[in-house]
Amino acid sequence: MNTTEAPPLTRKDFQSDQEVRWCPGCGDYAILSAVQQVFPELGIPREKFVIVSGIGCSSRFPYYMNTYGFHSIHGRAPAVATGIKMTRPDLDVWVVTGDGDALSIGGNHLIHTLRRNVNLKILLFNNRVYGLTKGQYSPTSELGKRTKSTPHGSVDFPFNPLNIAIGAGATFVARSVDIFMPHLKAVLKRAAAHKGSAFVEVMQNCNIYNDKAFAALTDKAGRQQNGLYLEHGKPLVFGDNKDKGLRFTGTDFEVIELGNGKSEDDCLVWDEEHANPSLAFQMASISTGDGLGDFPVPLGVLRAVDAPTYDAGVIDQIDELTTARPQTLDQLIHGTDTWTVDAGGNVHRGAN
Amino acid sequence: MTLPIAGQTDAGKAAEATVSDVVIRFAGDSGDGMQLTGTQFTNTSALIGNDLSTLPDFPAEIRAPAGTLPGVSAFQVRIADHDIHTPGDAPDVLVAMNPAALKANLRDLRDNGVIIVNTDEFTPRNLKRAGYESNPLEDDSLNAFRLYRVALTTMTRRALEESELDVRSKDRCKNFLALGMIYWLFSRPLEPTIDWLRVKFRRRPEIAEANVKVMKAGWNFCDITDAFQVRYDVEPAKLEPGTYRSIHGNSALAIGLVAASRRSGLPLFLGAYPITPASDVLHELATYKHFGVTTYQAEDEIAAVCAAIGASFGGNLGVSCSSGPGIALKAEGINLAVMVELPLVICDIQRGGPSTGLPTKTEQADLLQVMFGRNNESPVPVIAASSPANCFDTALEAVRMATAYMTPVILLSDGYIANGAEPWRIPQVEELPDLRVDFHQNAEGFMPYMRDEQTLARPWAIPGTPGLEHRIGGLEKEDVTGNVNYEPENHDHMVRLRAEKVARIVNDIPDLEVEGPQSGKLLVLGWGSTLGAITGAVNQARADGLTVSRAHLWHINPFPRNLGDVLDRFERVLVPEMNLGQLALLLRARYLKDIETYSKVEGKPFTRDEILHRIERMTGESNQR
């Protein structure tokens, strides 16, 4: 046996030999870089990672990661990943998907994976547009959006991905932004550490079909003015000089100016572990995510609760029954009622 | 056979007659327990050693309005003292629990057949519901039959006078009164059913004992009164020595998949979504977790197949099971498995269609769907089970092809054999095929799409293996490296390569065997569940002095190597199919041979006589030429 320890993994170990073929300037590059930086820090052997994707720009992701990868079909990555995780609990299974892949064609698989709490990490790159099919509106596109398929403006109401996840019972729900590297890495690490379905919305710029979609949040000024960086156990404050806060009235959130008698003590202290998901749902609802409304964009971990995972439940049943009911294949094939015909043609009940 | 009216008589007792073969149909309302009654009669007859074949026929509605024709549920069983192939063309005995059951089934009954009716249900209201203008028990419409009027409900209540069950629960036992009578009429023992009841209702012994009591009452009624003048017996069949059990097709399929899992060393993963008539495979495999079986009731058919593909990627034996509408939904997933070249078994338990069609009835009309119902060039091996017991061997063979060639395989069954039962000679485990699989381990020179020279299979390299990290997906692959590749020449090469890989399976499947003369005027060629009716018809035709051969396809894609040669050796080829000629279309296209189709798409299997008459007509025509 080799007793010398393998050298620690580096970012380079996770870069595949394939040429990355996203458009220059695409937000996906930054996310790829963040994942390649985070994976070596997780203490998991490279061969134990599997990245599963569906169809779309984001779903090319596995090709660029030097891990096991499966670029599946449109919308179905959570289903493929569920099959892998149920049968191979030793693997660390990540799903990479987009707003069209996860919320339109694959909406059913996403919600059922989340409700079951399959131990998967799901990264949804939300650029609010169909990129690979060249610019149609998506289920997260804002009302009135003009695209090739909505030349007169979209009349579809969009989904808020966080609310879908929380509504489906996800046990870990978080949000970050493609170019907020330290924040994104921290969120990815939290997701990696979560036992159960970890849903992460990564707001991502498509500089070809939906450029500056999140500019109000991502430009220099917006980062502080319009970003609400959630921290467990800390009051909800934001703004250039932490001069604003969020108060919970009992039914709604409201923005308050700090000072003049109002302090952090008036702001709600964020509790990501709150058992009832309704507060997280309400938090997700304060903004559509673009930073253009009256409220800031919640970023970070909205919800992180412990719950049994589906895959562990399935495997526990199999393990228990395998011990409790030993049976040979021969016994299974025979079943309970047999009869035997002997060489003389006589029939008697039972086996030989 | 017609049941004799007279037999050997002992003084004061019913005459006794031994018959070689009898067909009994139990018919009643959906809630009357006819499937259960028929199954009990079948199992008891199996334990006696009869050959047997069953045909359950039930409505798609769980409980259609009571007493109506759509609500009639029937179970036909044929038992014999010799080798039989079908559940029988026409019943000798009909048990009709109500007027609707009588009306719906009478036309099938043999002349002079026995009818046992529950007179309690022949009320003006029920007669009207069944569409009778006058009471058939009182007019002359049943004169061609031997009618036995029995007040089943009244007798059941009387038998349970001292029971504390409520009236509704008491009335539910009436099927066991009928069963007790039929057990007496055909000289069957009651013990196997009594044993079964006491196990089944071990937590509610009052229910078990009520049914036992009622069944005995039915038996005693026949024994004490002279209701029947003749009592019959069917002796054990002279089956090949061995140990047997009675088995349904779906059960044989489930057990076959577990056997394949054990013989391959691969844990079994079933992804499924409930659908008639395939759900029983899910139900049964869900009880085999102690064999390491994972069953996954997915959110839809697509997730079911995709999860199975994921399981295969991880090194499990991925299986998905459905019926025609579900297979349509799985098409894109199956194509993904074609592209990523992973083993996968998809079972299609066919039913009547198109669309929702006739969910509980049988049909063989998915053949072209499974051959061609996917986008682009998508070669998938296809194999079809021909009888309930054959589902076991077919499962093993499907798994063998899937793992040896790294390909999805489609296994066809249908509602007739899925729900039908027959005796199965239980195989020795050590005689089952060795399906052991080696995962690729060696990182040196590894490429995900390098190939075995003989089978063209790519290596199965599962996640978790150091040094074999690789990516697969639905985009076109460069041969050997598996990298995404859009080059025209590479695509042409890969399309041909995937086809060639499936075509090469022909190298290790058996040649088609012709039963009867190896060449001549007429070959009856079948596939799937028509085996029984074709065999019965051809055997009868030969007994009648006609010259006819038959053959039955197990592998449909690829066809056995000698199929073209076999077709050429016969002047005429008849293909009976429960569709409008789908196998015939494939044969004509492939072999440029004229094929004569005999179609029947009624949601029920061919009878022996239907095929026999066609053979008689064709051989008659040949003689005139």
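Which domains does the domain assignment of chain B give? The assignment, automatic or taken from a database, lists domain 1 (15-233), domain 2 (245-431) and domain 3 (520-624).

Before I continue, two remarks on conventions. The model is predicted, with local features needing pLDDT of at least 70 and side-chain atom pairs counting only at pLDDT 80 or more, while totals for chains, interfaces and linings use all residues. Residues are numbered from 1 along each chain as its sequence is written, and chains are lettered from A and ligands numbered from 1 in the order in which they are written.

Let me stay with chain B. The centres of domain 1 and domain 3 of chain B, taken over C-alpha atoms, are 36 Å apart. Their contact involves four residues from domain 1 and seven residues from domain 3, where contact requires C-beta atoms, placed from the backbone, within 7 Å. On the domain 1 side there are three polar residues, one charged residue and no nonpolar residue. Here Ala, Val, Leu, Ile, Met, Phe, Trp, Tyr, Cys and Pro count as nonpolar, Asp, Glu, Lys and Arg as charged, and the others, Gly among them, as polar.

I turn now to the two chains. Chain A contributes 55 residues to their contact and chain B 60 residues. On the chain A side, α2(A) provides the largest share, eight residues; helices (H or I, at least four residues) and strands (E, at least two) are DSSP runs numbered from the N terminus. That side has 23 nonpolar, 21 polar and 11 charged residues.

Finally, strand pairing, which needs at least two DSSP bridges. β12(A) and β9(B), residues 242-248, run antiparallel and are joined by three bridges. Trp339(A) has Tyr244(B) as its bridge partner.

Definitions and conventions. Contact = placed C-beta atoms within 7 Å.
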